[in-house]
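I opened this one to look at a few helices and jot down what turned up. Here is the structure I worked from.

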Amino acid sequence: MQSIFPRLLYVLPLLLPLACKDPDTLSVQTQEQKFQAKMSEGQALLDSSEPEQAARAFEAASGLRPDNPEPLLMVAEARRREGNTGASILALKRAMTLNPAQAPEIKRKLAERHEQDGRLRDAIRMLLELREADELGDLDVLKLAHLQTEVGEHQAAFQSLERILRERPDDVDAKVVEAEILLAKGDEVLAGKLMDRLLEEQPGLTAARKLRARYFLQSGYAEYAEQDLEAVQGEEAAKPDFVALKARVLTKLERHADVEALLAGAVKKYPQNADLIARLAETRLTLGNKVGALAAVEQALKAQPDSARALYVRGRVQETQGDLKRAKEDYGAALQHNPRLAPALSRMWRLQEKAGEKEEALVSVERLVDSGEASPEEKVGLANLYAQTRRRPDRGLKLIAEALKRDPGNPEYLDIQKALKKALPKKKVSGPIIIRGRR
């Protein structure tokens, strides 16, 4: 019979630490295990789209570790996903008052989470609070200016960036954001020159690559945009803003199956990013999968009930089904939440023009062009509406001149140019007026 003595010698070192631990140490370890178990339970419930139960689990974890703000941050997130804004704000306040020294870092994390979820204005609000408390570092300033540009607050973005540009005029990261603001404002020539110079000096500058890709996309050169994006690898290529841009480029190249695969992978990584889910819904619609598209729309609206892009995609589904009235209602709702949402403006002005609502169509397409997201064809559409309504012929002529550079002999463009010239105000005759009398 084999002796058990060697086994005991092997197990004994493992048993001794437990035997030596005093009751207080064991109690602390048990408390920590319970805390981790509740946090894991809450995260699992959150991932399963059960925010109410998740909030309860995180509250229990907070009770086990009342000095740790992390469970309260998760409570805030769970309540937000549940749609209970008041409870979410209360949890955030509790987390920040729990340890005031950690408040700036908590706000920084919240800004990052809001950005990942596509809630850019909430992220901006957090960063502005940091600025008011004089807790905004240079990286935070660049992030704030970038986000302000994304929501169309160009002047505020320049003001945010001003300190860095004044103190360090050649700061590369600040120059990239400056080019981004210029591009968003419509100063494409200046933005293009700045981006080219930055990439000549630093070919591996990821932020400039992404920005120039956006510039190429807006200018109608999606293949060049893809080349710039191919140079971006690693963690940067997995971020939501990069994925969204790449999806736009591949969509323009009509590689919709690739877009679906790209977005499906990103949604797994960011399951609460309503913008990415809505983009996936739109891609499914393009591929003819209306059921899958509507399912993704509902998923996006569950994650973020005021998601402008999700409402827009729901409008697209309505439009493909021939229900133009409901489509316009959804586009209108999307634009209430985000007045600069380019795809919603792009669909809305066309429906308005089709319905004979020229004034309304002009306003919509004008906002689209002002956002810097209009295609060359949409710029021609605005010039045409200017010609039809005899409004702003000078601007219309500039827009049609851009189109004629690409296609000098286009008869449609030439007709629009002719109509715009006729709409120009007549020059007043200068000089003295001679009144002839009767003989």
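How many residues does helix α10 have, and how far does α10 reach from its first C-alpha to its last? I found 14 residues (172–185) and a reach of 20 Å, close to the 20 Å expected at 1.5 Å a residue (that is, 1.5 Å times one less than the number of residues). Helices here are DSSP runs of H or I with at least four residues, numbered from the N terminus.

A note on the source: this is a predicted model, where local features need pLDDT of at least 70 and side-chain atom pairs count only at pLDDT 80 or more. Residues are numbered from 1 along each chain, and side-chain values use heavy atoms, with hydrogens and water left out.

Next I checked burial (under 20% relative accessible area, 1.4 Å probe, protein chains only). In α10, 11 of the 14 residues are buried, so the helix is largely enclosed by the rest of the structure. Among them are Val 176, Val 177, Ile 181 and Leu 182, but also Lys 175, Glu 178 and Glu 180. The buried residues pack against α8, α9, α11, α12 and α21.

Then I looked at the ends. At the start of α10, a side-chain oxygen of Asp 171 comes within 3.1 Å of the backbone nitrogen of Asp 173. Just after α10, Gly 186 has a positive phi of about 100 degrees.

Last, I followed α12 to α14 (240–252): their axes, lines fitted to C-alpha atoms over the stretch in contact, come within 11 Å and cross at roughly 30 degrees. The two are therefore roughly parallel (under 35 degrees). The contact (heavy atoms within 4.5 Å) includes Ala 213 and Leu 217 of α12 and Phe 242 and Leu 245 of α14.

Note on methods: Buried means under 20% relative accessible area, exposed over 50%, partly exposed in between (1.4 Å probe, protein chains only). A polar contact is a pair of N or O atoms within 3.5 Å; within protein, one must be able to donate a hydrogen and the other to accept it, and residues adjacent in sequence count only if both atoms are side-chain atoms. Axes are lines fitted to C-alpha atoms, for helices over the stretch in contact, and angles run from 0 to 180 degrees between N-to-C directions. Angles under 35 degrees count as roughly parallel, over 145 as roughly antiparallel, 65 to 115 as roughly perpendicular and the rest as oblique.
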